[in-house]
Amino acid sequence: MSFWNICIAILVFSLIVIIHEFGHFIVAKWNKVKVIEFSLGMGPRLISWGKTVEGRNVLFLKSTKFFEEHPEYDEGTLYSIKLLPFGGSCMMLGEEEEVEDDSAFGKKSVYARMAIIFAGPFFNFILAFLLAFIIMVSVGYDAPVVSNVEQGMPLAEAGIQEGDVFTEINGRNIVINREIDSYFQFHKMSDEAIDITVERDGVEKSVTVTPKLVKGQDGVEKYRLGFAYGNGRTKLGGFSAVKYAAYEVKFWIFTTVESLGQMIQGKVSTKDIAGPVGIVKIVGNTVNTAKPKGISVVMLSILNISILLTANLGVMNLLPIPALDGGRLLFLIVEWIRRKPLNRKIENYVNVTGFMLLMVLMVLILANDVIKLF
């Protein structure tokens, strides 16, 4: 991993995290919740800026201990950049403890608190959409077009031709190219029949085909339909770019959810799970692959992987796991149903326990990343 690839990965992480925390921040401000600190990164503060009690704007190069010992800087919101370039926070008054202040998080309505918590993942999806929109306007989308059909194979025998456009596979709508690959990744071919619908000259054609067991060049037998797809990107403009950007985000959200399902069922091995180090490596490989094709392709490749990562973060944060946004939303939903809050001590205990388990999981994933490097 080169220095520049690591820098690019850190910039991508930072953008995704800051947008997530900004979602919490802006909706908290909208609901008049006091935000104590808005920070990028974790660990000791490197730079902070904010206002003194007198209203002066100040840039700080001070330690965490300094702020704890000088409450006169506790006016308004403190904005910080911290040492470790992973993570971030939007620390709100009364978020973890009872505070008798109208601007405290806990004093706001359950609807306001739900909106504040949900805003983080939602802003990740907004970021994914904006990045996808840039790609759609720049180079268009990958249409699911059949580019080649092997004679003597199931699709050719069913009458599928080059130029046909996939619209459905076993009832699953197909809109963009990569949905074909994704479908067969999560639904391995076997000797079971597959219903496929394509569009040709504006007319839909449905066929039922049975994959054929053939020996590949590596000598391994596998089920195949005998086709290739993809014929370059289709240029878009106006509303079409908006529509296909939304499809792109939907694809990554559904792919993340399906991947989680595969992991729960034990169909995903530890080799397929990547943590921070693994993601840095993936970003680096993406950049290295795109370099020979020019800076514009590198930029578009970075945008593509950023869409994947920010959509992934949005989905993961909505999981009903203590210490994550989804876990906190679950507590708020229970409060809304009960018409009264849960015991704060119990909630904090569950969140702390969940956080500790997440830290253990992160250490295990990090160790797995390091092992895979060697």
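Asn 177 is placed in the loop between S7 and H5, and in this predicted model the residue counts as buried because its relative accessibility is 12%, where buried means under 20%. Leaving aside neighbours within four places in sequence, Asn 177 is in contact with Asp 142, Ala 143, Pro 144, Tyr 229 and Gly 230.

**The chain overall**

- Of the 374 residues in the protein chain, 39% are buried.
- The chain exposes about 21000 Å², and 62% of that area is supplied by carbon and sulfur atoms.
- When contacts in the protein chain are taken between residues at least 6 apart in sequence, 70% of them join residues at least 24 apart.

**Helix H5 and its packing**

- Helix H5, which spans residues 178-186, packs with helix H6, residues 239-264, at an angle of about 10°, and the two axes are 11 Å apart.
- Because angles under 35 degrees count as roughly parallel, this angle makes H5 roughly parallel to H6.
- On the side of H5 the contact is made by Arg 178, Glu 179, Ser 182 and Phe 186, while H6 contributes Glu 248, Phe 251, Trp 252, Thr 255, Glu 258, Ser 259 and Gln 262.
- Sorted by class, the residues in the contact of H5 with H6 are 3 nonpolar, 4 polar and 4 charged.
- The buried residues of H5 are Glu 179, Ile 180, Ser 182, Tyr 183, Phe 184 and Phe 186, and these buried residues pack against strand S6 (165-169), strand S7 (172-173), strand S8 (194-200), S12 and H6.
- Glu 179, Ser 182 and Phe 186 are listed among the buried residues of H5 and also among the residues through which H5 makes its contact with H6.

**Tyr 229 in strand S12**

- Tyr 229 belongs to strand S12, residues 227-229, and counts as partly exposed because its relative accessibility is 26%, which lies between the limits of 20% for buried and 50% for exposed.
- Not counting residues up to four places away in sequence, Tyr 229 touches Val 145, Val 146, Ser 147, Asn 177, Ile 180 and Asp 181, and one of these, Ile 180, is a buried residue of H5.
- A polar atom of the Tyr 229 side chain lies 3.5 Å from the backbone nitrogen of Asp 181.
- The C-alpha atoms of Tyr 229 and Ala 143 are separated by 8.8 Å, although the two residues are 86 apart along the chain; Ala 143 is also one of the residues in contact with Asn 177.

**Ala 156 in helix H4**

- Ala 156 is found in helix H4, which covers residues 154-157, and beyond its neighbours within four places in sequence it is in contact with Val 149, Glu 150 and Gln 151.

**Lys 82 in strand S3**

- Lys 82 is found in strand S3, residues 75-92, and is classed as buried because its relative accessibility is 14%, under the 20% limit.
- Not counting residues up to four places away in sequence, Lys 82 touches Glu 37, Ser 39, Leu 40, Gly 41, Met 42, Gly 43, Pro 44, Arg 45 and Leu 46.

**Loop residues with positive phi**

- Asp 201, found in the loop between S8 and strand S9 (203-209), has a positive phi of about 55° although it is not a glycine.
- With a relative accessibility of 77%, Asp 201 counts as exposed.
- Arg 339 lies in the loop between helix H9 (325-338) and helix H10 (344-373), and its phi is near 70°, a positive value in a residue other than glycine.
- Arg 339 is likewise exposed, with a relative accessible area of 66%.

**Thr 289 in helix H7**

- Thr 289 is found in helix H7, residues 276-290, and is exposed, with a relative accessible area of 55%.
- The C-alpha atoms of Thr 289 and Ser 301, which are 12 residues apart along the chain, are separated by 9.2 Å.

Key
Residues numbered from 1 in each chain as written. Predicted model: local features only at pLDDT ≥ 70, side-chain atom pairs only at ≥ 80, totals over all residues. Heavy atoms only, no water. Axes fitted to C-alpha atoms, helices over the stretch in contact; angles between N-to-C directions. Helix = DSSP H or I, 4+ residues; strand = E, 2+ residues; numbered from the N terminus. Parallel < 35°, antiparallel > 145°, perpendicular 65-115°, else oblique. Contact = heavy atoms within 4.5 Å. Nonpolar A, V, L, I, M, F, W, Y, C, P; charged D, E, K, R; others polar. Buried < 20%, exposed > 50% of the residue type's maximum accessible area, 1.4 Å probe, protein only. Areas by Shrake-Rupley, 256 points an atom, 1.4 Å probe, with all protein chains shown as cover. Polar contact = N/O pair within 3.5 Å; in protein donor to acceptor, adjacent residues only side chain to side chain.
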